[in-house]
Amino acid sequence: MKTFRILTSALGAIAVLAAALIVAGTGIVDYLPQVTLGILIVFFFSAASNTLNDYIDRESDKKNHPERPIPSGKLKPKTALIAALFIFLLALAGSWFINMICFSLVALAFVIELAYEFLFKKFAGIGNFVIGFQTALAYIFGSYIIGESKAVIILAVLSFFAVVGREIIKDIEDVKGDKYKKTIPRKIGIKKARLLSSFFILLPVALSFLPYYFGLFSWYYLPTVVAADLIFIYDVIIQLKNPKKSRKIAKGAMFVALFAFLIGAFT
């Protein structure tokens, strides 16, 4: 279904694979069944989240995203809701076959998703932090398929901050259509929302040297992470003029930062 938003869902799957690679390196071949299952779980969990979000936002999407399946009439709201809940339960069941920690993480993500969509979405800004937390959780989930990793924990924290900043930019972009939604830009104004977004996007820049400082990665990590930092800084500058372009730049910066972690893990 188009509500899955394949590219967005694939990002979560990539997070799992990247985390597993950081933990195990070339030894990942010994965990291929578990990692493959983990990738599928996070992909479909993300797809279910996107579908549930489209169901909840079906009224505001008539203005913001009229091309989406529900507001365009291509998909019935009830069908989307049933599909989302069914896929959530499949993901939860699948995680049971990896280990108890992974099962607990998926269960936590499921509870948070439902609580946000049905209870807390009316509170300004909560959604930005939920999406950031769920993204960070995907990295932690990928790590615990194999074992604990300080490097992945740092990556998860940096991702949390970057995603929160990017989601605020997205709210700025949609501010006109979000007339009945309590988003951060509508609550505190666009100018202050931009400052807040810049703060969250620059936090990963300030903290990006921690893996090298703690001796987790060699100096080979540094050139690529500096490149990611420069892209994040450019993103902060460009968001004043073009929030839509800024959102895409932030996603690109996150990919470069992820690549830096992979370089650090393999050198």
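Two residues are in contact when heavy atoms of one lie within 4.5 Å of heavy atoms of the other. Keep that in mind while looking at this predicted model.

Start with helix α9, residues 190–207. The helix has 18 residues. From its first C-alpha to its last, α9 reaches 26 Å, close to the 26 Å expected at 1.5 Å a residue. Some of its residues are buried, including Ala193, Phe200, Ile201 and Val205. Ser197, Ser198 and Pro204 are buried too. What do the buried residues of α9 pack against? They pack against α6 (126–144), α7, α8 (184–188) and α11 (221–238).

Now turn to the nonpolar cores. In soluble globular proteins, nonpolar side chains tend to be buried together. Here the largest nonpolar core has 57 residues. Those with the most contacts inside this core are Phe45, Tyr139, Phe141, Ile145, Ile168, Tyr221 and Phe261. Which helix gives the most to this core? Helix α7 does, with 11 residues. Look at isoleucine 145 in particular. Leaving aside residues up to four places away in sequence, isoleucine 145 touches Val16, Gln34, Val35, Gly38, Ile98, Asn99 and Cys102. There is also a second, separate core of seven residues. Among them are Ala162, Val205, Phe232 and Val236. Val205 is also one of the buried residues of α9.

Next come the charged side chains. Side chains of opposite charge can pair when their charged atoms come close. The structure holds three salt bridges.

One joins the side chains of aspartate 54 and arginine 68, at 3.5 Å from N to O. Aspartate 54 lies in helix α2 (residues 32–56), while arginine 68 lies in the loop between α3 (61–64) and α4 (77–95), so the pair ties together parts that are 14 residues apart in sequence. Are these two residues buried or exposed? Aspartate 54 counts as buried, because its relative accessibility is 2% and the cut-off is under 20%. Arginine 68, at 14%, counts as buried as well.

Another salt bridge links arginine 247 and glutamate 173, whose closest N and O atoms are 2.8 Å apart. Arginine 247 sits in helix α12 (residues 243–266) and glutamate 173 in helix α7 (residues 150–173), so this pair ties together parts that are 74 residues apart in sequence. Arginine 247 is buried at 17% relative accessibility, whereas glutamate 173 is partly exposed at 28%.

The remaining pair is arginine 166 and glutamate 167, with closest N and O atoms 3.7 Å apart. Arginine 166 is buried, with a relative accessible area of 12%. Glutamate 167 is buried at 9%.

Key. Residues numbered from 1 in each chain as written. Predicted model: local features only at pLDDT ≥ 70, side-chain atom pairs only at ≥ 80, totals over all residues. Heavy atoms only, no water. Salt bridge = Lys/Arg side-chain N within 4 Å of Asp/Glu carboxyl O. Helix = DSSP H or I, 4+ residues; strand = E, 2+ residues; numbered from the N terminus. Buried < 20%, exposed > 50% of the residue type's maximum accessible area, 1.4 Å probe, protein only. Expected span 1.5 Å × (residues − 1). Core = buried A, V, L, I, M, F, W, Y, C linked by side-chain atoms within 4.5 Å.
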